[in-house]
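Thanks for asking me to look this over. My notes are below as numbered points, to be read with the model open beside you.

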Amino acid sequence: MAEPIVTCQVEEAIRIIGGKWKLLVLRSLLLNGAQRYNELLTTVTAISQKELTRNLRELTKAGLVTSTTGRYDLTKLGKGLMPTFKKLLTWGTHLPVR
C-alpha cells in the first residue's frame, strides 16, 4: 500500500496559484506588466470585481503580487513563474481544438 506524501511542493503550488482566476490574473500581469485594478478587470476576461479583489488579495498574501501607487505588479517570486507559463503556452499548442 502506498504511503501518503506528507510534504509535496506540487500540492502547495496548486494551493497557492490553482484555480482559473488566479492563473488568468498572473498571466495578465506576466504578459502586460503592472496594471491598475480597472485594467485587470478588462484584461482578465469575464472576472467579476468580487473575484478579482479576492484573488489579488490571496496572490498578494502569497507574495506573488504587490500593489504600489494603485498598480498591481508581480514580485520577483511572481516573475519567476514566467518560464512555467511559457512552457504551458507551448504545451497548450498541442492540445486538440474544442
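1. The largest nonpolar core has 19 residues, and Val25, Leu26 and Val65 make the most contacts inside it. A nonpolar core here is a set of buried Ala, Val, Leu, Ile, Met, Phe, Trp, Tyr and Cys residues joined through side-chain atoms within 4.5 Å. Buried means under 20% relative accessible area, exposed means over 50%, and partly exposed lies in between (1.4 Å probe, protein chains only). Two or more residues each come from α2, α3 (37–43), α4 (49–61) and β3; α2 gives the largest share, five residues. Helices (H or I, at least four residues) and strands (E, at least two) are DSSP runs, numbered from the N terminus.

2. A word on the source: this is a predicted model, in which local features need pLDDT of at least 70 and side-chain atom pairs count only at pLDDT 80 or more, while totals for chains, interfaces and linings use all residues. Residues are numbered from 1 along each chain as its sequence is written, and side-chain values use heavy atoms, with hydrogens and water left out.

3. Beyond its neighbours within four places in sequence, Leu26 touches Ile17, Leu59, Leu64, Val65, Leu74, Leu81 and Phe85. Contact means heavy atoms within 4.5 Å.

4. Next, α2 and α4. Their axes come within 10 Å and cross at roughly 75°, which makes α2 roughly perpendicular to α4. Axes are lines fitted to C-alpha atoms, for helices over the stretch in contact, and angles run from 0 to 180 degrees between N-to-C directions; 65 to 115 degrees counts as roughly perpendicular. On the α2 side, the contact is made by Trp21, Lys22, Val25 and Leu26, and they meet Glu51, Leu52, Asn55, Leu56, Glu58 and Leu59 of α4. By class, this contact has six nonpolar, one polar and three charged residues. In this count Ala, Val, Leu, Ile, Met, Phe, Trp, Tyr, Cys and Pro are nonpolar, Asp, Glu, Lys and Arg are charged, and the others, Gly among them, are polar.

5. Helix α1 (residues 9–17) also packs on α2, at an angle of about 80° with the axes 8 Å apart, so α1 is roughly perpendicular to α2. Arg15, Ile16 and Ile17 of α1 make this contact with Lys22, Leu23 and Leu26 of α2. Its residues divide into four nonpolar, no polar and two charged.

6. Now the sheet. Three strands form an open, antiparallel sheet in the order β1-β3-β2. Because β1 (35–36) and β2 (65–68) stand at the edges with a single partner strand each, one side of each is left without a neighbour in the sheet. Helix α2 (residues 20–32) packs on the sheet and touches β1, β2 and β3, its direction making about 90° with that of β3. Two strands count as paired if DSSP finds at least two bridges between them. Two bridges join β1 to β3 (residues 71–74), and β2 pairs with β3 over four. Arg71 of β3 stands opposite Arg36 and is also the bridge partner of Thr68.

7. Which residues other than glycine deserve a look for positive phi? Ala46 has phi near 75° and sits in the loop between α3 and α4. Thr69 has phi of about 45°, in a β2–β3 hairpin with two residues between the strands. Ala46 is exposed at 68% relative accessible area, and Thr69 is exposed at 70%.

Notes. Angles under 35 degrees count as roughly parallel, over 145 as roughly antiparallel, 65 to 115 as roughly perpendicular and the rest as oblique.
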